[in-house]
Protein chains: 2
Amino acid sequence: MIIRSMASTKSKPFFELNNSGRTSVRQGTLNFAAQSVKTPTFMPVGTRGAVKGLTSELVSSTGAKIVLGNTYHLHNSPGETAVAKMGGLRAMSHWPGPMLSDSGGFQVFSLAKISKINDEGVEFVLPSSGDKLFLTPEKSIQIQHKLGADIIMAFDDVVSLDKLSRPRTLEAMERTHHWLNRSIAEHKRLLEQQTTSYQPQTSFPKLFGIVQGGVDKKLRKKSLEFVQSTEVDGIAIGGLAVGETRQEMNHMLDYLQLQLDPDRPHYLMGVGHPIDMRYAIEHGMDMFDCVLPTRNARHGSYWFLADGRDHQSNIKTKKYENDFLPLEEGCDCYTCRGGYQRAYLRHLIRQGETLGGSLLSIHNIRYLMRIVENYQA
Amino acid sequence: MIIRSMASTKSKPFFELNNSGRTSVRQGTLNFAAQSVKTPTFMPVGTRGAVKGLTSELVSSTGAKIVLGNTYHLHNSPGETAVAKMGGLRAMSHWPGPMLSDSGGFQVFSLAKISKINDEGVEFVLPSSGDKLFLTPEKSIQIQHKLGADIIMAFDDVVSLDKLSRPRTLEAMERTHHWLNRSIAEHKRLLEQQTTSYQPQTSFPKLFGIVQGGVDKKLRKKSLEFVQSTEVDGIAIGGLAVGETRQEMNHMLDYLQLQLDPDRPHYLMGVGHPIDMRYAIEHGMDMFDCVLPTRNARHGSYWFLADGRDHQSNIKTKKYENDFLPLEEGCDCYTCRGGYQRAYLRHLIRQGETLGGSLLSIHNIRYLMRIVENYQA
């Protein structure tokens, strides 16, 4: 497929597996035009082109290498044309590394109340203006090409697991497969257009396909086989961490692990709890994204390691009123290393000072980066 | 007075005037224990121990040297005892330079709905808990000593100018004078206590007295003479920029200028509009503070210089939708120098991303610092 053959005109393949594969933990490298990123890795979410409350320098300080943006939200504001005029997602948001754009498929799920789906695509009614947005696989890929992310995602149909029926899961999976074909076709068309144009190209986006199928092993197997039969550059596992139990998710990861194509990166979407991430890394996963470290932080919640295990606490708790230690002793994040004290952070969060959420966000992202770095080669 | 004689045991006096005084613009130096600060200077406001949305490094990047904290708010949370245990205001908030604490007097004015005043002090009903706080000159000075700021303010009675009667202005002025005497006495007592204790002291706070008297020249003159008859380390002009017209404020500055003690620093409280600041600097003022640059920023408003004049614009305006220039071309602030584009900043502010307010705050503070730096020696 054009996508991959283009990558191979460069000296290095997009993804390299660096360890023997003897253990279930994979150590790899994602090679981008200007930069390489070690895996496993965690990618903070900058939905609207900014990780909430953080300058890109502060995000960089966490060790994060790839940041996400979201097609649905960026289309609504500032719009992909404006983003392109600003030099693309990276230039706009001052992110020095690669970026990944989500396809908008997840918003079909998270914004279900304002969306209507059919085989052609999804219609959203924008809450701000009442305007309608019709998102199709082609449209999503076009927007993502304009946004200029380094990794783009196929448009998928995500269903909630806690209230799903098997027919709906099956329908969503089959639709996701049709949409993957359409996403690939549109991606190819746009890549060919790029190569025949006279505009200088700094890089070509990589396209990842998304595996669906709920917590049904047969559907998941079928979906994985389908996605892997295409020439996408990476395999994403979608539709997990959306309401099922931790045990259900882990069982699914156990099951999928042996069937995953070892030569392509494995991206577990929407997972960013330390315990889940460790499990997933030890079961063949390479990439993660999640709003948890930043959303939790804004509510005062932070992670710390004690007795070799992941713990969570809330800085708003009364017991921190006279606690002058850093969030986590020994942590090397900007916040802990800088000596910001728990009593001060508690004060900031309780008083609604956004700096508190920013300082905790840095710690939480760094906490996840420490986890992935421990697994890297 | 003990306050000043102590300062003089150091090699340099607290305040030095560096230019001839031939022009009305004064160029001076404030000497603190560890650091000197050139005047005129602008001091950003960190009401609760943080300049809203900014790390101390970002505040530093603006060139600001002194940051404010507020007695009323810091007493309520985290409390002066906690601040002291964290190593004082500077250590708590990671500010590398001197800090100034406001006395809480301004809250008598700004929180008038929840406060009752008499000659002894002011009773506040705290909105969060319903608890009562009785603030007196002694209590304010005690709190400020505990907070550990480098410059502390006498407790004063601030009245609103737009609805004031002369009797109320007179009463407020006389009360302010009584309270200044009590503030000085308490300050002396605490300084003597410090020198007889065995605790190592890194520095002694400087006390500023506050001139009141509304827009009434006779009262202002009387108040200025009274404050200057005491041995306070600095002269603050309070009760301006609280509702009077720009012309009224300027007339008062014209009037006061010739009577101000040239050997002490002149601090115009609550003023931070570029036009007002320039006028005040050119009429003998040395120090300024204001929430305007940060509060305006959070609402999208920013300053820029064009044709040698100060202008204000709002980034939310439609015309910036396709504007890819920095906020102010040629500005050397973190935001403009970094190349953040207007269309991106507009997008952030409109979408409620706090990073937008932070990036505009940096620009606005830097804008004021550029003004004062142009007047410095």
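This is a predicted model: local features need pLDDT of at least 70, side-chain atom pairs count only at pLDDT 80 or more; totals for chains, interfaces and linings use all residues.
Helices (H or I, at least four residues) and strands (E, at least two) are taken here as DSSP runs, numbered from the N terminus. Residues are numbered from 1 along each chain as its sequence is written, chains are lettered from A and ligands numbered from 1 in the order in which they are written, and side-chain values use heavy atoms, with hydrogens and water left out.

Buried means under 20% relative accessible area, exposed over 50%, and partly exposed in between (1.4 Å probe, protein chains only). With a relative accessible area of 9%, A:Phe15 is buried. Contact is taken as heavy atoms within 4.5 Å. Not counting residues up to four places away in sequence, A:Phe15 touches A:Arg26, A:Gly28, A:Thr29, A:Leu30 and A:Thr39, and also A:Pro262, A:Asp263, A:Arg264, A:Pro265 and A:Asp286. Between A:Phe15 and A:Lys65, 50 residues apart in sequence, the C-alpha to C-alpha distance is 15 Å.

Two further buried positions of chain A sit in helices. A:Gln144 belongs to helix H7 (residues 137–147), and its relative accessible area of 0% makes it buried. Outside the four places on either side in sequence, A:Gln144 is in contact with A:Thr71, A:Ser101, A:Asp102, A:Ser103, A:Ala149, A:Ile152 and A:Met153. A:Ser183 lies in helix H8 (residues 166–196) and likewise counts as buried, at 0% relative accessibility. With neighbours within four places in sequence set aside, the contacts of A:Ser183 are A:Pro137, A:Ile141, A:Ala154, A:Phe155 and A:Leu207. The C-alpha atom of A:Ser183 is 29 Å from that of A:Asn250, which is 67 residues away along the chain.

Next comes the nonpolar interior. A nonpolar core is a set of buried Ala, Val, Leu, Ile, Met, Phe, Trp, Tyr and Cys residues joined through side-chain atoms within 4.5 Å. The largest such core has 166 residues, and those with the most contacts inside it are A:Leu268, A:Phe288, B:Leu268 and B:Phe288. Beyond four places in sequence, A:Phe288 touches A:Thr41, A:Phe42, A:Met43, A:Tyr267, A:Leu268, A:Val271, A:Met277, A:Ala280 and A:Ile281. In soluble globular proteins, nonpolar side chains tend to be buried together.

Helix packing was then examined, with axes as lines fitted to C-alpha atoms, for helices over the stretch in contact, and angles running from 0 to 180 degrees between N-to-C directions. In chain A, the axes of helix H11 (residues 274–281) and helix H15 (residues 354–375) come within 11 Å and cross at roughly 15°. That makes H11(A) roughly parallel to H15(A), given that angles under 35 degrees count as roughly parallel, over 145 as roughly antiparallel, 65 to 115 as roughly perpendicular and the rest as oblique. The crossing of H11(A) and H15(A) is right-handed; a crossing is left-handed if the near helix is turned anticlockwise from the far one by less than a right angle, and right-handed if clockwise. From H11(A), A:Pro274, A:Met277, A:Arg278 and A:Ile281 meet A:Tyr367, A:Leu368, A:Ile371, A:Val372 and A:Tyr375 of H15(A). The residues of this contact divide into 8 nonpolar, no polar and 1 charged, where Ala, Val, Leu, Ile, Met, Phe, Trp, Tyr, Cys and Pro count as nonpolar, Asp, Glu, Lys and Arg as charged, and the others, Gly among them, as polar.

In chain B, helices H11 (residues 274–281) and H15 (residues 354–375) pack at an angle of about 15°, with axes 11 Å apart, and the crossing is right-handed.

On chain A, H11(A) also packs with helix H10 (residues 246–257), at about 15° and with axes 10 Å apart. H10(A) and H11(A) are therefore roughly parallel to each other. Here A:Arg246, A:Met249, A:Asn250, A:Leu253 and A:Asp254 of H10(A) meet A:Ile275, A:Asp276, A:Tyr279 and A:Ala280 of H11(A). The residues of this contact comprise 5 nonpolar, 1 polar and 3 charged.

Finally, helix H14 of chain A (residues 342–350) has 8 of its 9 residues buried, so it is largely enclosed by the rest of the structure. Its buried residues pack against elements of chain A, including helix H12 (292–298) and strand E15 (301–306), together with helix H3 (71–76) and helix H5 (88–93) of chain B. Just after H14(A), A:Gly352 takes a positive phi of about 75°.
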